[in-house]
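Subject: Structure handover

Dear colleague,

Here is the structure I said I would pass on. My notes on it come after the model.

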Amino acid sequence: MTPSARIGFNQPFPEQLAFFSKKVSLPTDALDAITKAQHDHAFVVAGAMRADLLNDLHEAVTQAIAEGGTIAQFRTQFDEIVSRHGWEGWVGSDSKAGRTWRTRVIYQTNMATSYSAGRWAQLNDPDLLAERPYWRYVHADGVASPRPLHLAWGQSRLTLPHDHPWWKTHYPPNGFGCHCYVIAVRGPKPGDATLPPIGWDALNSRTGELPGIDKGWGYAPGATAADPLGLARVVADKSRSLPFELAADFLAEVKGGVEPGLWAEVERYLASTR
């Protein structure tokens, strides 16, 4: 498989699966309990506070990635997991439309970001970078209501060096349902845009993001996945936000799903930052 070729979201590949399977299930009560690059290290489902429930949901998404499972198959597993664990009161549980929306968010977000993170690993392969050091933004065809800026970046064939600051915030997906992607190329071709549009780095005070980026999506999935302290920082930030008793319970829940050697690293980090 050529790393520069597009891989469909339902066509799993090793780097995608490796990224997602290494995530640690993190109990959380809110959708924004972790943000941006913290998602490189933690799997969360808002309101899912029990480790056994989260681990089963993580396994269901892992299976969907590994086998190219459909959203219908995931929904069947989701219903079975929710019923088995007696999870009630989750956002969307009060209606068929709510359940449809919630399962779509869980499935599509994790499929898209794991795909993107796997591509990040491929695109940053040293051998590929030596041959194709530029990246091109590609807008996915067939989107019913394309985001105007995403469409413009694709139509202009925006082609930038792989280490341009643009990619730290605009590496897709840039919002829920975004199917844009990046390919590696040797360099710009005649007519390609070789500079980001004017104002691309002007922060939107309402969303806290740059133009064209949905709230919470201004990061490059997978870019921090190799950071050995990434998980430790996420766990430390979350535990410090909780009362002492709840923090202790939280750490115990997380520890049960973390490989011992990695947990030792987390504990060392926690001790060094107290």
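This is a predicted model: local features need pLDDT of at least 70, side-chain atom pairs count only at pLDDT 80 or more; totals for chains, interfaces and linings use all residues.

Residues are numbered from 1 along each chain as its sequence is written, and side-chain values use heavy atoms, with hydrogens and water left out.

Pockets

A pocket here is an open set of points on a 1 Å grid over the protein atoms alone, where a 1.4 Å probe fits, with protein on both sides within 12 Å along at least five of seven lines; its lining residues have an atom within 4 Å of a point. Grid points are joined across faces, edges and corners, and the volume is the space filled by probe spheres set on the points. Helices (H or I, at least four residues) and strands (E, at least two) are DSSP runs numbered from the N terminus.

The largest pocket holds about 840 Å³ of space. It is lined by 28 residues, of which Leu31, His39, Val105, Thr109 and Trp217 are the closest to its centre. By type, the lining of the largest pocket has 15 nonpolar residues, 7 polar and 6 charged (nonpolar: Ala, Val, Leu, Ile, Met, Phe, Trp, Tyr, Cys and Pro; charged: Asp, Glu, Lys and Arg; polar: the others, Gly among them).

The second largest pocket has about 460 Å³. Ala18, Phe19, Lys22, Ala225 and Ala226 are the closest to its centre among 23 lining residues.

His41

His41 sits in the loop between β1 (24–25) and β2. Leaving aside residues up to four places away in sequence, its contacts (heavy atoms within 4.5 Å) include Lys23, Val24, Asp227 and Leu231.

Aromatic pairs

Rings of Phe, Tyr and Trp (its six-membered ring) pair if their centres lie within 6.5 Å; planes under 30 degrees apart count as stacked, over 60 as edge-to-face and the rest as tilted. That rule gives 14 aromatic pairs. Phe74 and Tyr107 form a tilted pair, with centres 5.9 Å apart and planes at 40 degrees. Phe74 belongs to α3 (71–85) and Tyr107 to α4, 33 residues apart. Phe74 is buried at 1% relative accessibility, and Tyr107 is buried at 12%.

Tyr137 and Trp153 are edge-to-face, at 5.4 Å and 85 degrees. This pair ties strand β3 (134–138) to helix α6 (148–155), and both residues are buried. Both also belong to a cluster linked by ring pairs, with Trp120, Trp135, Trp166, Trp167, Tyr171 and Trp200.

Backbone

Pro172 and Pro173 are joined by a cis peptide bond, with omega about 10 degrees. Pro173 is in the loop between α7 (166–170) and β5 (181–185). Lys36, not a glycine, has a positive phi of about 45 degrees; Lys36 is in the loop between β1 and β2 and is partly exposed at 28%.

Regards

Terms used. Buried means under 20% relative accessible area, exposed over 50%, partly exposed in between (1.4 Å probe, protein chains only).
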